[in-house]
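Q: I have a model open and would like to learn how to read its features one at a time. Where do we begin?

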Amino acid sequence: MRQRILTLGLILAARTLVAQEAVSRDSIGAGQTPAFVITAPVSGNAWIDLRQNAKPGAVQSAPDWVEAVTFIPAGTQADAALPSVFRIRLARPGGRASVLFFRLFFNDQTSARPEIVAWDESGSQLLRSGPLGAGIDLESSESVMIPMHGITTIDVEVPGDGNSVRGAYLEWMSSSEMVHASGVGSQEAVAQPFAATLPLHAPAQDSEEFGTVTASLSTDLIRIGSTSSEAAALLALVTFEIAGSRIDSPPEVIANGENVGSASLVMPGLADPGYRGEMHAIVSQMEFQYTGWLRAQKVVPVSALRTGTNNITIINGPNAAGTVIRATQIQLKYLWDKSDYILKPDR
């Protein structure tokens with residue numbers, strides 16, 4: 001493998017509980033006004049709004065298999081140290097549905113990282129996700145796959161008052177035989193709803209294949225501001241994942257002081273609940289931020305590279321707010337003895 005140096009300095013910018021009923025079909029008595037009213041469309045997926053500032057009487061649409069949603073504030077429990085709990089009671093639909101895709105939307109705060117806990121009918125805990133998120137202090141989302149064998153209730157536990165939780169997207173997954181490349185783990189190869197790509201993982205070690213070196217620049221979470229790193233080749237491809245990005249203002253890449261343009265964002269379908277609109281008083285149109293992780297890529301042309309040390313900088317796009325990147329890596333394209341290229345005469 002070719003000798004080279006890679007440097008990177010990125011500053012890129014069964015418990016007894018007192019329950020407050022938020023959603024329930026069965027517990028609404030005559031003359032009562034529920035916090036939410038559920039209608040029952042036939043669907044294999046559901047968006048559950050868990051925001052506590054919803055207007056009284058607001059209608060929340062959910063399929064029949066979402067039986068009830070309950071909010072249990074931390075201050076109402078016998079133990080003051082217990083977290084707030086959003087409790088979702090589910091009935092498994094018919095067919096081959098056996099695994100539930102559960103995506104939680106929340107403000108990813110270090111002091112309020114949520115956990116997903118699954119229970120059976122007897123109140124036995126069958127699954128706990130561990131803390132979600134990475135404490136990036138941005139609106140984000142995380143997903144888990146839950147085998148629903150015997151599970152009837154899913155809790156979202158969050159420290160504090162629970163106001164950092166925004167909503168949950170649920171979809172039943174069916175199982176079938178799947179073929180995937182041997183270099184891709186079966187867990188990583190599962191396509192998630194709305195996703196355009198599989199999750200990006202920075203390689204633990206540098207590798208070389210077919211004249212191309214793949215190297216990890218950083219496995220850390222990095223706030224976008226300015227950065228420096230190094231590359232040397234005929235062509236370079238910088239790849240990373242970004243959270244909190246405005247979709248109309250992707251980050252820009254600068255190579256050795258030359259702005260080589262904006263990175264390309266791989267966008268999921270617009271039905272994805274991860275899109276969040278923002279309106280400002282002096283702006284006539286709605287701006288959209290993606291509350292989750294997106295893949296970003298930028299080709300660095302040979303004209304912007306040089307022999308020896310190269311500096312690569314990633315900065316926020318115009319008018320973009322604070323964002324965070326992760327799994328930053330670079331691919332370097334060298335001349336290989338089996339390279340496919342054509343020599344064309346000058347016209």
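This is a predicted model: local features need pLDDT of at least 70, side-chain atom pairs count only at pLDDT 80 or more; totals for chains, interfaces and linings use all residues.

Q: Are Glu121 and Arg89 buried, exposed or partly exposed?

A: Glu121 has 55% relative accessibility, so Glu121 counts as exposed. Arg89, at 30%, counts as partly exposed.

Q: Which residues are joined with Glu121 into one network?

A: Glu67 and Arg89 are joined with Glu121 through salt bridges that share partners.

Q: Which residue forms a salt bridge with Glu157, and where do the two lie?

A: The partner of Glu157 is Arg128, with the closest N and O atoms 3.2 Å apart.

Q: How far apart are the closest N and O atoms of Arg246 and Asp248?

A: They are 2.8 Å apart, and Arg246 forms a salt bridge with Asp248. Arg246 counts as buried at 14% relative accessibility, whereas Asp248 is partly exposed with a relative accessible area of 46%.

Q: How should I read the secondary structure and the burial of the chain as a whole?

A: Take the totals before the details. The protein chain has zero helices and 25 strands. Of its 347 residues, 44% are buried. The accessible surface of the chain comes to about 18,000 Å², and 52% of that belongs to carbon and sulfur atoms.

Q: What tends to happen to nonpolar side chains?

A: In soluble globular proteins, nonpolar side chains tend to be buried together. The largest nonpolar core here has 31 residues. Those with the most contacts inside this core are Val66, Leu90, Leu100, Phe102, Leu104, Ile146 and Ile154. Several strands each supply at least two residues of the core, among them strand S6 (66–72), strand S8 (99–107), strand S11 (139–147) and strand S12 (151–158). Apart from this core lies another, of 24 residues, which includes Val253, Ala255, Ile314 and Ile330.

Q: Which residues does Leu100 touch?

A: Leaving out residues up to four places away in sequence, Leu100 touches Leu90, Val144, Met145, Ile146, Met148, Ile154, Leu170, Glu171 and Trp172.

Q: How many aromatic pairs does a search of the whole structure find?

A: The search finds five aromatic pairs. In one of them, the ring centres of Trp65 and Trp172 are 5.7 Å apart and the planes are at 80 degrees, so the pair is edge-to-face. Trp65 lies in the loop between strand S5 (58–61) and S6, and Trp172 lies in strand S13, so the pair ties together parts that are 107 residues apart in sequence. Trp65 counts as buried at 7% relative accessibility, and Trp172 is buried with a relative accessible area of 10%. Phe101 and Tyr169 also form an edge-to-face pair, 6.4 Å centre to centre with 65 degrees between the planes. This pair links strand S8, which holds Phe101, to strand S13, which holds Tyr169, the two being 68 residues apart. Phe101 and Tyr169 are both buried.

Q: How far apart are Arg51 and Gly167 in sequence and in space?

A: Arg51 and Gly167 are 116 residues apart in sequence and 6.5 Å apart in space, C-alpha to C-alpha. Arg51 is in the loop between S4 and S5 and counts as partly exposed, at 40% relative accessibility.

Q: Which residues make the nonpolar surface patch?

A: Leu234, Leu235, Val299, Val302, Leu335, Tyr341 and Leu343 make a patch of about 720 Å². Leu343 is in the segment after strand S25 (324–333). The relative accessible area of Leu343 is 74%, so Leu343 is exposed.

Conventions
Residues are numbered from 1 along each chain as its sequence is written. Side-chain values use heavy atoms; hydrogens and water are left out. Patches are made of residues with over 30% relative accessible area and no salt bridge: like charges are joined within 9 Å, nonpolar side chains (Val, Leu, Ile, Met, Phe, Trp, Tyr) within 5 Å. Accessible areas come from the Shrake-Rupley method with a 1.4 Å probe; for residues, only the protein chains shown count as cover. A salt bridge is a side-chain nitrogen of Lys or Arg within 4 Å of a carboxyl oxygen of Asp or Glu. Helices (H or I, at least four residues) and strands (E, at least two) are DSSP runs, numbered from the N terminus. Buried means under 20% relative accessible area, exposed over 50%, partly exposed in between (1.4 Å probe, protein chains only). A nonpolar core is a set of buried Ala, Val, Leu, Ile, Met, Phe, Trp, Tyr and Cys residues joined through side-chain atoms within 4.5 Å. Contact means heavy atoms within 4.5 Å. Rings of Phe, Tyr and Trp (its six-membered ring) pair if their centres lie within 6.5 Å; planes under 30 degrees apart count as stacked, over 60 as edge-to-face and the rest as tilted.
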